[in-house]
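These are my notes from going through one model.

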Amino acid sequence: MKFYHFTSLKKNQIIPNESYETNWVESNYWLHKQRNRQENNEMNSALEGIGTILKAFGKDFDLSSISKEMQSSKYYSELLKEYIFEEVRQKEFPEKPSRKNCMFLVPIEVNLNNYCKNMGFNTNQLTMLEVDIENDSKYHFADFTLLNCNNLIHDEKVEKAKEYWNGTDRRDMNTEILFRGKFKIEVRE
């Protein structure tokens, strides 16, 4: 079964038709979340400079502390949601691959240009792969719009998680595939 996958690896770092296996402790998604936390700290430094300029014009406004609180709240609400989804998976859907250590794939039926635009991917920094997964692998088709639940109360997040783990038959712009197992890759142009 074939799918698409986007990676930050460069084409010369990938051996086509070589067998690979998802064996990482944390997916690139989780590692990226940590990187975003560091980038947010850099952005906060820039906002402190803007706050200084506003003070020079008589505006007593501390943008940096507001931004830090907002960024921190967003980060922790994302993390809380991920823990709730993982807890639901472990309790009710243990056979499904975990979001924490899976490889995220894209349905081959999807228009890649539209998908990249929808996801905010910078295609200049990513390599697109065609992934051929082996039959004994674990995979799960999910509607990733169900992840847009950070502002919901706990019980509603749990319900969204259950719906997410129940899966979807759709293969469209809102479908993500969570995958664990063996695969071969082809680098796409």
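In which helix does Lys157 lie? I found Lys157 in helix α4, residues 154-166. Helices here are DSSP runs of H or I with at least four residues, strands are runs of E with at least two, and both are numbered from the N terminus.

Ground rules first. The model is predicted, so I note that local features need pLDDT of at least 70 and side-chain atom pairs pLDDT 80 or more, while totals for chains, interfaces and linings use all residues. Residues are numbered from 1 along each chain as its sequence is written, and side-chain values use heavy atoms, with hydrogens and water left out.

**Entry 1: the chain.** I looked up the elements and found 4 helices and 7 strands. From the N terminus their order is β-β-α-α-β-α-β-β-α-β-β. Of the 189 residues, 38% are buried (under 20% relative accessible area; exposed is over 50%, partly exposed in between; 1.4 Å probe, protein chains only). I then took the contacts (heavy atoms within 4.5 Å) between residues at least 6 apart in sequence: 86% of these join residues at least 24 apart. The chain exposes about 11600 Å², and carbon and sulfur atoms supply 48% of that; the areas come from the Shrake-Rupley method with a 1.4 Å probe, and for residues only the protein chains shown count as cover.

**Entry 2: Lys157.** Lys157 is buried but has no salt bridge (a side-chain nitrogen of Lys or Arg within 4 Å of a carboxyl oxygen of Asp or Glu). The nearest side chain of opposite charge is that of Glu156, 8.7 Å away; Lys and Arg count as positive, Asp and Glu as negative, and His and the chain ends are not counted. What does the side chain of Lys157 reach at 3.2 Å? I found the backbone oxygen of Asn150 there. Beyond four places in sequence, the contacts of Lys157 are Leu80, Ile84, Phe85, Cys149, Asn150 and Leu152.

**Entry 3: the cores.** A nonpolar core here is a set of buried Ala, Val, Leu, Ile, Met, Phe, Trp, Tyr and Cys residues joined through side-chain atoms within 4.5 Å. The largest has 24 residues, and Phe6, Phe85, Val106, Tyr164 and Trp165 touch the most other members. At least two residues each come from β1 (2-7), α2 (63-92), β3 (103-107), α3 (112-119) and α4. Helix α4 gives the most, 4 residues.

**Entry 4: salt bridges.** I counted 11 in the structure. Arg99 and Glu82 form one at 2.9 Å, N to O. This pair links distant parts of the chain, with Arg99 in the loop between α2 and β3 and Glu82 in helix α2, 17 residues apart. Are Arg99 and Glu82 buried or exposed? Both are buried.

Arg89 and Glu86 meet at 2.7 Å, N to O. The two lie in helix α2, 3 residues apart, about one turn of the helix. Arg89 counts as buried because its relative accessibility is 10%, and Glu86 because its value is 15%.

Asp143 pairs with Arg170, the closest N and O atoms being 3.3 Å apart. Asp143 is in strand β5 (residues 138-143) and Arg170 in the loop between α4 and β6 (175-180), so the bridge ties together parts 27 residues apart in sequence. Asp143 counts as buried at 13% relative accessibility, whereas Arg170, at 33%, counts as partly exposed. I also noted a network of salt bridges linking Lys2, Glu130 and Glu186.

**Entry 5: two loop residues.** Asn17 is in the loop between β1 and β2 (19-21). Its phi is near 65°, a positive value in a residue other than glycine. Most residues other than glycine have a negative phi. At 52% relative accessibility, Asn17 counts as exposed.

Leu146 is in the loop between β5 and α4. Why does Leu146 count as buried? Its relative accessible area is 7%. Beyond four places in sequence, Leu146 is in contact with Phe85, Lys160, Glu163 and Tyr164.

Definitions and conventions: A polar contact is a pair of N or O atoms within 3.5 Å; within protein, one must be able to donate a hydrogen and the other to accept it, and residues adjacent in sequence count only if both atoms are side-chain atoms.
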